Amino acid sequence: MQVDLISITPDAERLIEEAGRTCYQSHKRASEASSAGFVRMLVSRGHTSVLEHAKATFRIRGISRIASHQLVRHRLCSFSQMSQRYVLQEDVDAVVPPRISASEQARKIFDDILKASRQAYTELVKLGIAKEDARFVLPGALETEIVLTANFRELRHIIEIRGSRDAQWEVRKLATELLRIMKLHAPNVFADLTINEEGVVVRTDQDRQETKTEVRS
Ligand SMILES: Cc1cc2nc3c(=O)[nH]c(=O)nc-3n(C[C@H](O)[C@H](O)[C@H](O)COP(=O)(O)OP(=O)(O)OC[C@H]3O[C@@H](n4cnc5c(N)ncnc54)[C@H](O)[C@@H]3O)c2cc1C
């Protein structure tokens with residue numbers, strides 16, 4: 001899996017502060033150093049609609065169609081995905097779940113069915129069957145490429161629910177990668193979300209008390 005940030009709102013946290021201060025008419029309190037505390041205050045109070053002013057776009061490669069199917073359930077994102085109707089799938093790699101890789105017997109079953117479905121696909125295409133129909137024999141393990149655009153509020157939502165212990169391992173890995181990147185570019189928007197030693201996204205409320213007073217003023 002490879003996740004690359006290809007575009008992000010410039011000065012995103014400053015933009016969020018500028019928009020958010022409209023609510024409190026506190027623009028005069030903005031300074032070079034004020035956006036960090038202000039953004040953390042918004043997040044800690046759940047005033048996260050303000051985060052929608054900033055967005056990011058990622059190119060995601062090497063995830064399975066199974067994972068991408070989960071991703072595209074997020075209705076507030078925009079997606080562009082490699083088409084199995086137009087792009088020949090003969091040479092596309094497959095994602096192998098670690099639990100299958102770890103067992104010689106399971107890996108053999110996996111590889112055999114992958115080989116058979118690839119062969120069937122190639123033969124169908126050779127027979128003149130359209131790619132959009134030949135793809136019906138392909139497994140969900142095949143890799144795909146997808147571009148995702150989402151605002152920061154939706155990114156937080158995706159990272160929280162797809163990074164949770166309950167989420168499927170591959171989509172959880174994607175969520176943690178998104179979080180790792182977003183922490184570099186918008187550290188205060190994502191400050192309360194961390195990745196624990198098990199690779200699970202957890203949320204802390206450490207800012208709640210520290211930022212209360214700023215809201216009142
Ligand atoms: C652990 C886990 C297990 C899952 N298992 C299943 C499963 O077995 N079967 C299955 O079908 N899906 C399953 N899903 C997918 C899940 O049901 C959602 O479709 C998916 O997570 C998208 O989340 P969402 O609807 O919250 O978010 P998004 O579509 O990203 O929307 C973000 C938020 O916007 C709001 N919103 C968006 N659209 C609407 C709307 N029309 N009306 C009101 N509010 C809206 C909601 O607050 C929503 O949380 C699972 C998800 C997880 C994380």
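**Strand pairing, helix packing and the ligand shell**

Strand 2 and strand 4 pair in the antiparallel sense through nine bridges; two strands count as paired if DSSP finds at least two bridges between them. Helices (H or I, at least four residues) and strands (E, at least two) are DSSP runs, numbered from the N terminus. The structure is a predicted model, in which local features need pLDDT of at least 70 and side-chain atom pairs count only at pLDDT 80 or more, whereas totals for chains, interfaces and linings use all residues. Residues are numbered from 1 along each chain as its sequence is written.

Strands of a sheet pair through backbone hydrogen bonds, either parallel or antiparallel. Here, four strands form an open sheet in the order 1-2-4-3, with antiparallel pairing. Strand 1 (2-8) and strand 3 (78-81) lie at the edges and have a single partner strand each, so one side of each is left without a neighbour in the sheet. From one strand to the next, the twist averages 20°. Between strand 3 and strand 4 (residues 143-151), the antiparallel pairing runs over four bridges. Ser-80 has Val-147 of strand 4 as its bridge partner, and Gln-81 stands opposite Ile-146 in strand 4. Ile-63 is bridged to Thr-144, also in strand 4.

Two packed helices are described by the angle between their axes and the distance between the axes. Axes are lines fitted to C-alpha atoms, for helices over the stretch in contact, and angles run from 0 to 180 degrees between N-to-C directions. Helix 1 (residues 12-24) packs against helix 2 (residues 34-44) at an angle of about 65°, the axes being 9 Å apart. Helix 1 is therefore roughly perpendicular to helix 2; angles under 35 degrees count as roughly parallel, over 145 as roughly antiparallel, 65 to 115 as roughly perpendicular and the rest as oblique. In this contact, Glu-13, Arg-14, Ile-16, Glu-17 and Gly-20 of helix 1 meet Ser-34, Ser-35, Phe-38, Val-39 and Leu-42 of helix 2, contact requiring C-beta atoms, placed from the backbone, within 7 Å. By class, the contact of helix 1 with helix 2 comprises four nonpolar, three polar and three charged residues. Ala, Val, Leu, Ile, Met, Phe, Trp, Tyr, Cys and Pro count as nonpolar, Asp, Glu, Lys and Arg as charged, and the others, Gly among them, as polar.

The axes of helix 7 (residues 152-162) and helix 8 (residues 169-185) come within 8 Å and cross at roughly 135°, which means that helix 7 is oblique to helix 8. The residues of this contact divide into nine nonpolar, no polar and two charged. Those of helix 7 are Leu-155, Ile-158, Ile-159 and Arg-162, while helix 8 contributes residues including Val-171, Leu-174 and Met-182.

Around the ligand are Arg-73, His-74, Arg-75, Leu-76, Glu-154, His-157, Ile-161, Arg-162, Asp-166 and Ala-167, each with its C-beta atom, placed from the backbone, within 6 Å. This shell divides into three nonpolar, two polar and five charged residues.

How values were computed
Two residues are in contact if their C-beta atoms, placed from the backbone, lie within 7 Å.
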